[in-house]
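Subject: Structure handover

Hello,

Here is the structure I promised you. Please open it next to this email and follow along.

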Amino acid sequence: MLVSGTGFCQNKDAYESMRNRMVDDQIAGRGISDQATLQAMRKVPRHLFVQVSYLSEAYSDRPLPIGYNQTISQPCVVAYMTELSKPAKGKIALEIGTGSGYQAAVLAEIVDTVYSIEIVPELAKEAAARLKKLGYQNIITKYGDGYEGWPGHSPFDIIIVTAAADHIPQPLKDQLADGGRLVMPVGNPAAVQELILLTKKKGRITEQRLEPVRFVPLKRLKQ
Ligand code: SAH
């Protein structure tokens, strides 16, 4: 007898259809076309990166609080920054602002290794545990001030900064590989910023100003 909806026939990920709808409506529907990015967004279980009290909102079209006055970005912003960074197999990425670990996980589905730095010790610890539990062996996290980058693992093909400042830290520009791409919200950290894309070719840096965005401020550890 064939009984549907039980055993191996059961939908193993009850959130899968919500996630696919999120990608169709909020991401592909708004013009993101990079297949690797779309696939990664369809795969990473965003509901496991939000607080339990926001579980039902995990796939909604907005940022969500993750504690300590920080947020997990809106899905389409994560997708846009990921696509802009041109992720591909063989690349090494650096993320500043691990937060929940979601952006790192999306990148890690595509690139070889993601290094990610978080300045709030509790968030750094929680994200490291979450990413380990989910089996992301190619994400290396640490607690610290990402302003200085991670010189020991540079240069990076991709640098994504998920917190805003009024300028792009020079150490991050220095740690960008030739042919590399850096994406960061730049502007007034207390208001609206512009997403900036830096590209480095033969040592020369070119800057492109893209969409208006709103991110939490890039903090500094006491100097
Ligand atoms: N990328 C995250 C969202 C990050 S919100 C995600 O996918 O969930 C921005 C994060 O940047 C916050 O967690 C904040 O604590 C962190 N942050 C702010 N300034 C920082 C700095 N100088 N170095 C590292 N992390 C920083």
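**The largest pocket**

The largest pocket holds about 590 Å³ of space. Keep in mind that this is a predicted model. The lining of this pocket is made up of 35 residues. Which of them lie nearest its centre? They are Thr71, Ser73, Thr162, Phe215 and Val216.

Several elements contribute to this lining. β2 (70-72), α3 (75-84), β3 (92-96), α4 (102-108) and β4 (113-118) each give at least two residues. Sorted by class, the lining of the largest pocket has 17 nonpolar, 13 polar and 5 charged residues.

**The second largest pocket**

Next comes the second largest pocket, with a volume of about 170 Å³. Its lining has 14 residues. Leu48, Phe49, Val50, Gln51 and Arg130 are the closest to its centre. Helix α5 (residues 121-133) provides the largest share of this lining, with 4 residues. The classes here are 8 nonpolar, 4 polar and 2 charged.

**The sheet**

Now look for the open sheet of 7 strands. Its order is β5-β4-β3-β6-β7-β8-β9, and the pairing is mixed. Which strands stand at the edges? They are β5 (139-143) and β9 (204-213). Each has a single partner strand, so one side of each has no neighbour in the sheet. On average, neighbouring strands in this sheet are turned by 15° against each other, ignoring direction.

Zoom in on one pair inside the sheet. β3 and β6 (residues 156-161) pair in the parallel sense, over 4 bridges.

α5 lies across β4 and β5. The helix runs at about 160° to β5.

**The hairpin**

β1 and β2 pair in the antiparallel sense, over 3 bridges. Gly67 has Gln70 in β2 as its bridge partner. The two strands form a hairpin with 2 residues between them.

Asn69 has a positive phi of about 65°, although it is not a glycine. For background, most residues other than glycine have a negative phi, and most peptide bonds are trans.

**A cis peptide bond**

Now go to the peptide bond from Ser154 to Pro155. This bond is cis, with omega near 5°. Where is Pro155 found? Look in the loop between β5 and β6.

**Aromatic pairs**

The structure holds 4 aromatic pairs. A pair of aromatic rings is described by the distance of the centres and the angle of the planes. Take Tyr15 and Tyr59 as one example. Their ring centres are 6.1 Å apart and their planes are at 35°, so the pair is tilted.

This pair links distant parts of the chain. Tyr15 is in the segment before α1 (16-27). Tyr59 is in the loop between α2 (35-43) and β1 (64-67). The two residues are 44 residues apart.

Best wishes

Note on methods
Residues numbered from 1 in each chain as written. Predicted model: local features only at pLDDT ≥ 70, side-chain atom pairs only at ≥ 80, totals over all residues. Heavy atoms only, no water. 1 Å grid on protein atoms, 1.4 Å probe; cavity = no way out; pocket = protein on both sides within 12 Å on 5 of 7 lines; lining within 4 Å. Points joined across faces, edges and corners; volume = space filled by probe spheres on them. Nonpolar A, V, L, I, M, F, W, Y, C, P; charged D, E, K, R; others polar. Pairing = 2+ DSSP bridges. Axes fitted to C-alpha atoms, helices over the stretch in contact; angles between N-to-C directions. Contact = heavy atoms within 4.5 Å. Phe/Tyr/Trp six-rings, centres within 6.5 Å; stacked < 30°, edge-to-face > 60°.
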